[in-house]
Amino acid sequence: MAFLPVFALNKKWMSFRVFGIDAVSYSTYSRLQKGLHAISMIIIVWLMTSGYFAAYITRIPEVKEAVSAFNVALATLFAPVFVFRMCVSFGKGYADVLRSNDVMRYAAFVVHNLIYITTLIVIVSGFLMVNRDIDVFGLFYIPAVITDPRLHRWFSDSHTLACYGLALLLFMHVAAVIKHHLTGRPVLKGMFF
Ligand code: HEM
Ligand code: HEM
């Protein structure tokens, strides 16, 4: 019996004993989840860094305008992809996390789902703060939903606040990934390979 690998499975982590030695394999995300994570990671990191660059760093009006037009179009195309990603992953694995009694897993679950909710707020407030037709790379146009300038300002402030929140959550997320990796939990492998 001692020679048989004993699998104590939970959804994300697979721990087992082989020849009496404890081993932990990397987590089991589906290909779809990995693909959607990679796409969101690239697009959100771009929107964040270039958005802050255009808002607070560059003083060149042409650069601000170019980044703004490109980012609004990109974020509009990304919105349905992100909603699809939420349908695939949001809140999944809750029962396993509760059963595991593992504080770290619980914290990761909360942060991951807060990232989803905050990103959704960023996207919705982004749409509602725009006071002109949205030009999606000349392919199609989406008319502004709201016409009241006070509401535009309110959604613009909400967008700014939600972006700060998302930046903080992503900072915590990446710090946790690095920490896990350095302490022998190969989470990067689980999400990227
Ligand atoms: C910047 C570089 C990033 C790295 C290196 C990274 C890495 C990872 C890794 C390794 C995991 C698996 C963690 C585990 O198994 O416990 C993960 C999960 C996750 N990441 Fe990231 N990530 C990054 C950016 C992002 C961004 C921008 C988002 C925003 C949407 C995001 C949202 C999530 C979510 C929600 C999960 C939970 C699994 C899921 O629902 O797909 N990550 N990430
Ligand atoms: C996850 C998606 C998004 C991220 C990470 C993001 C990030 C940012 C950041 C960092 C800024 C600059 C700081 C600020 O003024 O608040 C910004 C500004 C802005 N965002 Fe977003 N945004 C996203 C989605 C959207 C969407 C969907 C729209 C509209 C369709 C949008 C429209 C705008 C506009 C109009 C500005 C004002 C400055 C400008 O014209 O470039 N954003 N965004």
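The largest nonpolar core in this predicted model has nine residues, namely Leu47, Ala75, Phe78, Phe82, Val122, Ile123, Ala162, Cys163 and Leu166, and the elements that contribute two or more residues to this core are α2, α4 and α5. By a nonpolar core I mean a set of buried Ala, Val, Leu, Ile, Met, Phe, Trp, Tyr and Cys residues joined through C-beta atoms within 7 Å. A residue counts as buried if 20 or more other C-beta atoms lie within 10 Å of its own, as exposed if 12 or fewer do, and as partly exposed in between, with C-beta atoms placed from the backbone. Helices (H or I, at least four residues) and strands (E, at least two) are DSSP runs, numbered from the N terminus.

Because this is a predicted model, local features need pLDDT of at least 70 and side-chain atom pairs count only at pLDDT 80 or more, while totals for chains, interfaces and linings use all residues. Residues are numbered from 1 along each chain as its sequence is written, with chains lettered from A and ligands numbered from 1 in the order in which they are written.

Let me take α2 next. Its buried residues are Ala75, Phe78, Phe82 and Arg85, and they pack against α1 and α4. At Ala79, shortly before the proline Pro80, α2 has a kink of about 30°, where the bend is the angle between axes fitted to the seven residues ending there and the seven starting there.

Which residues of α4 are buried? They are Phe109, Thr118, Thr119, Val122, Ile123 and Gly126, and what covers them includes α1 (31-57), α2 (61-89), α3 (94-100) and α5 (149-182). Leaving aside residues up to four places away in sequence, Ile123 touches Ala75, Ala79 and Phe82, contact here meaning C-beta atoms, placed from the backbone, within 7 Å.

Now to ligand 2. There are 24 residues around ligand 2, and Gly51, Ser68, Ala75, Gly126 and Thr160 come nearest; a residue is near a molecule or strand if its C-beta atom, placed from the backbone, lies within 6 Å of it. The helices α1, α2, α4 and α5 each supply at least two residues of this shell, and α1 gives the most, with seven. By class, the shell has 16 nonpolar, eight polar and no charged residues, where Ala, Val, Leu, Ile, Met, Phe, Trp, Tyr, Cys and Pro count as nonpolar, Asp, Glu, Lys and Arg as charged, and the others, Gly among them, as polar.

How values were computed:
Two residues are in contact if their C-beta atoms, placed from the backbone, lie within 7 Å.
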